[in-house]
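I opened the notebook to look up a few things in this structure and to write each one down as I went.

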Amino acid sequence: MADDAASEQATDVAAAGAADEGQPPAMSKSARKKLLKQERQAAQKAARKAAEKERRRADIERRRREWEEALAAAPSEEARAEMVEARRQTRRERVGRRAEERGARAERLRRAAEGAGQKVVLDLEFGDLMRPNEIHSLTQQIMYCYAVNGRSTNPAHLWLTGCNGEMATHLQWIPGYDKWMIEKEAKSYLEAFEDRKENLVYLTADAETVLDDLDMSKIYIIGGLVDRNRWKGITLKKAVDQGIQCAKLPIGNYLKMSSSQVLTVNQVFEIMLKFVETRDWKTSFFHVIPQRKRGEAEAGNDGVDISMNNVDAAEGAENQGDLTKVFDEDVDDDDVDDDDAVDEELQEEDTDMAKKKQCIRHENGEAEDASTRPAEDHSPGAAAETTTPTGGALPQAEQSKESNGADD
């Protein structure tokens with residue numbers, strides 16, 4: 001230990017001497033170790049991407065070969081024509097079902113925006129407090145929120161406020177983001193709802209008030225901040241300084257979190273959606289919170305902290321397939337009428353889907369490079385102090401010991 005310290009001190013002295021002589025400073029031992037670690041992770045990431053790309057290519061080629069073999073084995077030209085037509089018809093039906101789903105989803109979201117949906121705001125004004133990988137983490141959470149809202153039979157009227165700077169840039173990288181049926185505001189929620197300030201409720205685990213019910217006249221705010229607990233309590237302070245109401249979810253009245261006490265923004269949002277549907281907190285908590293995090297029911301301690309942890313992001317909205325489905329519908333809005341186009345689209349279907357997934361991951365990759373963590377890993381360290389209402393009231397920053405070190 002002493003030798004290491006002495007060695008690093010000698011390196012620092014040498015670096016200072018080199019700087020005085022106009023030479024580039026030598027790296028310290030810790031900096032070299034960090035750089036090597038980053039290089040190893042970058043190489044592992046590249047290898048994983050290459051392997052996945054090769055697997056997809058092989059799968060597409062296998063399916064194409066099986067199709068060609070099936071055509072070649074057909075007993076006659078008429079049989080081959082029937083096979084091709086059946087395939088085209090299957091594709092048309094799939095396109096038709098997708099169009100119907102898009103229409104139904106759009107209608108539900110329109111009704112929500114016209115007043116039928118609970119108003120929920122994701123406060124994105126903390127962008128300047130986050131590192132690139134933390135912004136990526138929050139972006140992923142927002143993607144899941146949009147996906148689960150689109151699936152819901154009673155969607156919320158979702159708002160993104162404070163969409164500026166790096167945060168706005170990351171959101172623009174999401175395929176189909178421009179077509180999202182939500183409200184996007186560069187200004188703050190105070191400006192967006194200046195005539196309804198008395199109806200604003202900031203969801204934060206540090207609040208004293210427990211949220212017993214969701215009020216349709218209220219506008220619930222979830223803080224968007226992933227910070228590894230560097231800014232603990234910031235959402236409560238913000239709400240108090242602005243003179244708006246605060247509340248926390250009654251999660252402790254129904255269950256005791258076991259091991260990790262971390263919930264993601266999308267889990268909080270989904271809890272709120274489930275409560276709107278069932279009017280039952282316990283059902284909502286048990287529907288959304290992962291089994292491994294649930295302890296005994298009816299346990300005390302209603303101040304459970306909630307934090308954004310990317311490790312759990314996938315659990316909050318079921319799986320990546322939800323994202324792919326929603327974004328595929330948003331990006332591919334054009335119906336296919338021409339038979340040749342249908343046939344060509346059939347052949348390229350897997351390739352297109354892979355590109356969309358890769359496009360979603362591309363934004364993750366930017367953050368990954370900055371954090372040296374695998375993007376799909378959803379790194380556990382990205383704790384959000386986002387006063388994300390887990391169900392409606394628990395913030396993220398004020399939260400989890402595991403992720404933020406916050407106390408219950």
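The entries below go from the whole chain to one helix pair and then to cysteines.

I am working from a predicted model, in which local features need pLDDT of at least 70 and side-chain atom pairs count only at pLDDT 80 or more, while totals for chains, interfaces and linings use all residues. Residues are numbered from 1 along each chain as its sequence is written, and side-chain values use heavy atoms, with hydrogens and water left out.

Whole chain. I found 12 helices and eight strands in the protein chain, taken as DSSP runs (helices H or I, at least four residues; strands E, at least two) numbered from the N terminus. Of its 408 residues, 48% are buried, meaning under 20% relative accessible area with a 1.4 Å probe, protein chains only, where exposed is over 50% and partly exposed lies in between.

Helix α2. I checked its length: at 1.5 Å a residue its 44 residues should span 64 Å, and the end C-alpha atoms are 64 Å apart, which agrees; the expected span is 1.5 Å times one less than the number of residues. Buried residues in α2 include Lys 45, Arg 56 and Ile 60.

Contact with α3. Trp 67, Ala 70, Leu 71 and Ala 72 of α2 meet Arg 80, Met 83, Val 84 and Arg 87 of α3, a contact being heavy atoms within 4.5 Å. Trp 67 and Leu 71 are also buried.

Cysteines. I searched the whole structure and found zero disulfides, counted as pairs of cysteine sulfur atoms within 2.5 Å. Cys 145 counts as buried because its relative accessibility is 0%, and Cys 246 is buried at 17% relative accessible area.
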